Amino acid sequence: MFKDDFLWGAASAAYQVEGAYDEDGKGTGIWDHFTQDVTRCAHGENGNIACDHYHRYKEDVALMKEIGLKSYRFSINWTRVIPEGYGKVNEAGIRFYSDLVDELIGAGIEPMVTLFHWNYPYELYRKGGWKNADSPEWFAQYVKVVVDALSDRVRYWFTFNEPQLFLGGGHKIGFHAPFEENSAKDMMTLYRNVFLAHGKAVSVIRRNAKLSPMIGMAPTGSVCIPTDKITEDEARRRTFDFDSEDYFFSNAWWADPIMLGRFTDCACDVFGDDLISFTKEEWELVSQPLDYYAFNVYQAQTDMVPDRSKYDDYSYIGSPRTTTDWNVTPEVLYYAPKFFYERYKKPIMITENGMANTDWEFEDGKVHDPQRIDFLSRYLKELKRATDDGIPVLGYQYWSIMDNFEWTSGYDKRFGMIYVDYRTGKRTLKDSALWYADVIRSNGSKL
Ligand code: BG6
């Protein structure tokens with residue numbers, strides 16, 4: 001059963017929805033910068049205008065209220081607040097987020113802030129970005145500015161969204177900004193600085209927040225589920241183990257240092273002497289207790305690992321797939337909370353889950369998305385099963401509140417519960433939004 005105060009929500013990220021990429025004093029982020037090269041993203045698209053949420057946020061919050069959301073997870077565009085990433089603060093940027101928070105609270109929606117969802121300041125990138133030894137401190141300074149401005153109204157904080165993607169995808173494999181392929185040695189420097197930045201951010205929030213904070217991270221990773229061929233023990237082992245190839249997408253690589261204060265054994269085996277080393281004080285910083293284990297999860301065993309043939313247990317010819325070609329595997333919302341709770345012993349928060357679909361406006365003017373309703377019904381039943389088995393789950397944030405700029409996929413992939421006509425900006429609640437509204441009203445008993 002879902003608890004009475006279960007946080008039924010939805011999520012977004014600043015670069016994907018805001019637009020207004022150069023307005024009111026905002027500085028340039030790496031996504032702003034690199035997407036001006038039309039070869040980077042599908043159809044040469046970028047987030048310059050996106051959903052124009054920056055100008056339409058009141059309308060968007062009104063729609064969230066209509067759905068009955070209890071929470072909304074959004075991210076802060078670092079360069080809207082500090083245009084060069086470090087130093088001078090842009091008051092207009094602070095005002096935007098402060099007004100958004102007020103609007104949400106006025107609508108009875110709990111604001112949840114992700115401090116970093118990938119649009120890294122371009123000026124800091126030019127100074128080496130996360131490779132620079134000062135980068136944890138730059139992040140900490142930015143976090144302090146945000147916490148000072150919003151923590152009288154915001155309680156829920158996430159330091160990083162998916163380091164797997166912005167470091168592994170952006171700096172190792174090079175399919176996300178800044179589109180780099182760094183050496184193994186440089187990758188260790190990048191990881192080290194991001195671990196430290198996370199730790200510093202947690203300290204800054206704990207020390208300065210006015211409302212007692214709830215702090216987590218929002219990583220993702222490969223989760224395995226049992227099948228006819230895979231036992232539960234084997235699924236659990238695969239969820240936390242890794243070999244040299246796909247380590248960056250492993251849960252244990254990220255979460256063990258943060259949640260348990262040590263590297264997983266396979267990290268020591270794989271990297272030997274090349275593994276990051278932290279001093280005792282640095283370990284204490286990195287592994288400060290968090291309030292929950294938050295997690296973005298879409299499918300069992302994601303397809304981000306380079307060699308898919310290794311785990312082909314969840315897809316077969318003609319198997320159910322979403323528009324991003326991701327496996328439809330509802331049980332992952334049972335096993336992910338279970339495995340993470342067993343290992344990290346913290347309440348669970350689902351910070352992203354959802355599906356892309358080829359939605360359009362029908363002749364009757366509505367957006368019918370039965371696949372999404374079926375997807376959600378199946379996934380949420382599994383989440384409910386986890387709560388029935390005693391796993392403490394605090395909330396569920398659907399990805400995404402509205403169709404948006406899906407990074408290098410451009411605008412083709414529609415994840416939203418709100419349909420966006422990008423020519424006019426018009427919003428339409430999809431059938432799934434109305435269905436979700438019913439689920440929320442019944443606190444999940446409708447499932
Ligand atoms: C997550 C991200 O990886 O999944 C989101 O946190 C993203 O920002 C979502 O939009 C969907 O993934 P993709 O690869 O289709 O953009």
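Which elements do the buried residues of α16 pack against?

Modeller: A word first: this is a predicted model. Now to the helix. The buried residues of α16 pack against β1, α3, α15, β8 and β10. In residue numbers, β1 is 7-11, β8 is 393-399 and β10 is 427-429.

Start with α16 itself. Helix α16 covers residues 431-441. Its buried residues are Ser432, Ala433, Trp435, Tyr436, Ala437, Val439 and Ile440. An α-helix has 3.6 residues a turn, so residues three or four places apart point the same way. Keep that in mind when you view the list. After α16 comes Asn443, and its phi is positive, near 50 degrees.

Next, take the neighbours in turn. Helix α3 spans residues 53-67 and has a partner of its own, helix α5, residues 91-106. Their axes come within 10 Å and cross at roughly 15 degrees. The cut-off for roughly parallel is under 35 degrees, so α3 and α5 are roughly parallel to each other. The crossing of α3 past α5 is right-handed. On the α3 side, the contact uses His53, Tyr54, Tyr57, Lys58, Val61 and Met64. On the α5 side, Phe96, Asp99, Leu100, Glu103 and Leu104 meet them. Sorted by class, this contact holds 7 nonpolar, 1 polar and 3 charged residues.

Ala50 is not a glycine, yet its phi is positive, near 50 degrees. Ala50 is buried, with a relative accessible area of 10%. Compare Asp24, in the loop between α1 (14-17) and α2 (30-34). Asp24 is not a glycine either, and its phi is positive at about 50 degrees. Asp24, however, is partly exposed, at 43% relative accessible area.

Then there are the cysteines. Cys51 is buried, with a relative accessible area of 2%. Cys41 is buried too, at 5%. The sulfur of Cys51 has its closest cysteine sulfur in Cys41, 15 Å away, and that is too far for a bond. A disulfide would need the two sulfur atoms within 2.5 Å, so Cys41 is in no disulfide. The disulfide count comes to 0.

Now the other helix neighbour, α15. Helix α15 runs over residues 370-388 and pairs with helix α14, residues 332-344. The two axes come within 7 Å and cross at roughly 35 degrees. This crossing is right-handed. From α14, the contact takes in Val332, Leu333, Tyr334, Tyr335 and Pro337. From α15, it takes in Tyr379, Glu382, Leu383, Arg385 and Ala386. By class, that makes 8 nonpolar, no polar and 2 charged residues.

Last, go to strand β8. A cis peptide bond joins Trp399 and Ser400, with omega about 10 degrees. Ser400 sits in the loop between β8 and β9 (418-420). There is a cis peptide bond between Ala177 and Pro178 as well, with omega about 5 degrees. Pro178 belongs to the loop between α8 (163-173) and α9 (184-208).

To come back to your question: α16 sets its buried residues against two helices, α3 and α15, and against β1, β8 and β10.

Terms used:
Residues are numbered from 1 along each chain as its sequence is written. This is a predicted model: local features need pLDDT of at least 70, side-chain atom pairs count only at pLDDT 80 or more; totals for chains, interfaces and linings use all residues. Side-chain values use heavy atoms; hydrogens and water are left out. Axes are lines fitted to C-alpha atoms, for helices over the stretch in contact, and angles run from 0 to 180 degrees between N-to-C directions. Helices (H or I, at least four residues) and strands (E, at least two) are DSSP runs, numbered from the N terminus. Angles under 35 degrees count as roughly parallel, over 145 as roughly antiparallel, 65 to 115 as roughly perpendicular and the rest as oblique. A crossing is left-handed if the near helix is turned anticlockwise from the far one by less than a right angle, and right-handed if clockwise. Contact means heavy atoms within 4.5 Å. Ala, Val, Leu, Ile, Met, Phe, Trp, Tyr, Cys and Pro count as nonpolar, Asp, Glu, Lys and Arg as charged, and the others, Gly among them, as polar. Buried means under 20% relative accessible area, exposed over 50%, partly exposed in between (1.4 Å probe, protein chains only).
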